[in-house]
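Subject: Structure handover

Hello,

Here is the structure I said I would pass on. My notes follow below it.

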Amino acid sequence: MTKSVIIVGAGIGGLATAAKLLSKGYKVTIYEKNSTIGGKLNFIKTENFKFDLTGSILMTPEIYKEVFSFAGKNYIDYFKLKRLDPLYRAFYCDGSHFDLFNNMPKLTKSLERISKHDSIGYYKFLSKVYEKYIIADTNFLKNSFSNTKDFINLNSLQKILKINTFSTAYDYISKYINNEKLRNLLAFQAFYVGISPFEGPNIYNLIPTISQLYGLWYIEGGMYSYVKALEKLIVELGGKIITNTTVNEIVIQNKKAIGVKTSLGFQKSDIVICDADFPYAVSNLIKDRYSKGKYTEKKISNMKYSCSTFIMYIGLKKKYPSLKVHNLYIGENFKKNLECAFIGKLPLNPSMYIYCPSSIDNSMANEHMESLNIMVRVPNTLFKNIKWNEKTIKLMRNRIFNELSKIDGLSDIKENILYENYLTPNDLLIKFNSYGGTAFGLSPTLSQTNFFRPHVKSPTVNNLYFVGNSVHPGTGISIVLLSSKLAVEEILYNK
Ligand SMILES: Cc1cc2nc3c(=O)[nH]c(=O)nc-3n(C[C@H](O)[C@H](O)[C@H](O)COP(=O)(O)OP(=O)(O)OC[C@H]3O[C@@H](n4cnc5c(N)ncnc54)[C@H](O)[C@@H]3O)c2cc1C
């Protein structure tokens with residue numbers, strides 16, 4: 001008999017899971033509280049400009065493609081990828097810049113211009129972190145740990161020791177690289193998972209390493225094209241996506257999920273999959289104490305959460321040729337300013353990530369115009385001292401423009417604005433039910449990763465699964481796609 005599945009939330013985790021299960025004959029309905037799908041991976045469209053709301057950096061495209069091949073489709077019929085080179089242009093507050101190339105001869109020459117020592121150091125760093133990646137990928141990222149023995153065994157312990165993730169990301173980088181500008185450029189990337197590179201384990205050096213070894217990619221039409229591609233696949237496979245419908249409860253009877261209560265009433269299903277942020281979902285959608293398992297209110301509030309992001313979306317009436325697709329700006333007192341996001345302060349000299357898709361894609365802005373996302377890491381809303389009101393937005397705006405004026409070629413940016421909008425941690429909290437308004441969910445600290453992160457299969461409730469950035473294996477689009485892969489494998493093969 002065909003099994004019915006209800007998915008709570010049409011974020012990337014929910015959509016990918018829906019497509020995969022539909023392709024195996026399940027009947028799938030997704031309930032999404034908002035009017036648009038994609039979750040945090042959303043979009044803004046104006047007369048002249050298009051903006052990706054949040055995610056823009058595409059690593060490991062194979063994982064994106066795998067959803068389509070799993071469903072027996074060719075991804076080329078759904079979205080188009082373009083390889084980026086340089087990976088990043090890094091601007092520094094002294095007016096200089098450095099291009100991090102993907103092309104090896106170009107990369108080597110530019111590294112040698114810094115110093116031969118740093119060039120050798122960079123390649124050593126890549127090789128060491130690559131070794132860690134291969135171990136982590138084989139042993140940890142592809143295992144759902146639904147069984148304690150999967151993690152607590154001699155083999156796992158040996159692998160953990162081999163990965164040796166105990167020094168911080170920044171200290172590890174510094175072992176190989178002397179040049180501070182290059183160190184900061186790598187540390188900035190390790191920061192993408194919302195954990196400080198000065199505090200977080202060196203395993204997050206996987207981010208710059210994977211980007212360098214496998215490349216960074218751009219989806220034509222921006223990242224939201226991937227959401228549209230998944231939507232197309234789901235519709236073709238007969239799935240239902242019901243927007244503007246909030247799920248208020250995951251209904252559990254005799255330790256078994258039997259459906260959900262929505263604003264439309266009770267909806268019955270054989271399986272429930274929750275893509276809404278795990279800590280929010282356990283606190284709000286699971287009502288009885290037993291089903292929450294170890295995730296009591298106290299445990300949820302004591303866990304560690306990633307930082308958040310303030311984003312400015314700017315539409316400009318002229319082109320800025322000095323910008324690449326991905327740009328980093330490393331400001332003064334890099335460490336001090338970066339750490340503000342974890343101690344409840346706003347950075348005085350924000351370092352920032354600047355996304356300029358219109359530099360290669362005319363569909364993101366009218367010809368001769370530019371669409372920019374400027375992102376600064378800031379404290380999440382669990383820090384109650386910061387109120388995200390007009391005054392705070394104005395303050396952040398001024399600080400950002402002050403730094404932008406130090407970038408060669410961007411000094412007149414303020415005079416050429418046609419469109420301006422913002423995203424604050426409050427938007428992440430209210431619009432997407434992201435617990436604590438975080439950008440990346442539960443912080444991926446050592447005590448909150450692998451076996452110690454919430455599992456994709458509920459240990460207390462049968463037929464209940466979780467996907468998304470606060471569950472194993474972690475945060476970021478490709479890793480959320482892995483959580484979906486693990487949940488689907490649990491449903492298909494480990495019932
Ligand atoms: C600013 C920012 C920049 C980022 N940049 C990158 C990047 O460059 N590259 C990258 O790989 N990753 C990036 N990420 C991370 C990436 O966007 C996320 O990891 C990923 O999109 C999370 O997907 P998800 O499915 O887990 O959750 P979500 O996108 O949060 O989806 C959950 C969905 O559930 C819905 N929902 C919640 N509660 C309910 C309810 N009660 N009823 C019905 N629906 C509900 C929400 O509305 C939402 O649509 C970024 C994130 C942010 C915030």
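Which residue has a side-chain N or O atom 2.7 Å from an oxygen atom of the ligand? In this predicted model, that residue is D275. An N or O atom in the backbone of K40 is 2.8 Å from a ligand oxygen, and for a backbone N or O atom of I12 the distance to an oxygen of the ligand is 3.2 Å. The protein buries 96% of the 1,000 Å² that the ligand exposes when taken alone.

The shell around the ligand comprises 35 residues, with E32, K40, I57, D275 and I477 the closest. By class, 17 of the shell residues are polar, 13 nonpolar and five charged. At least two shell residues come from each of α1 (12-23), β14 (308-316), α15 (425-432) and α16 (477-493).

Apart from the ligand site, I looked at cavities. There is one cavity of 30 Å³ or more, and the volume of the largest cavity is about 50 Å³. Its lining is made up of F191, N337, L338, P347, P350, S351, V376 and R377. Five of the lining residues are nonpolar, two are polar and one is charged.

Last, helix α6, which spans residues 169-176, is mostly covered, with six of its eight residues buried. The buried ones are A169, Y170, Y172, I173, S174 and Y176.

Regards

Methods
Residues numbered from 1 in each chain as written. Predicted model: local features only at pLDDT ≥ 70, side-chain atom pairs only at ≥ 80, totals over all residues. Heavy atoms only, no water. 1 Å grid on protein atoms, 1.4 Å probe; cavity = no way out; pocket = protein on both sides within 12 Å on 5 of 7 lines; lining within 4 Å. Points joined across faces, edges and corners; volume = space filled by probe spheres on them. Nonpolar A, V, L, I, M, F, W, Y, C, P; charged D, E, K, R; others polar. Buried < 20%, exposed > 50% of the residue type's maximum accessible area, 1.4 Å probe, protein only. Helix = DSSP H or I, 4+ residues; strand = E, 2+ residues; numbered from the N terminus. Near = heavy atom within 4 Å. Polar contact = N/O pair within 3.5 Å; in protein donor to acceptor, adjacent residues only side chain to side chain. Areas by Shrake-Rupley, 256 points an atom, 1.4 Å probe, with all protein chains shown as cover.
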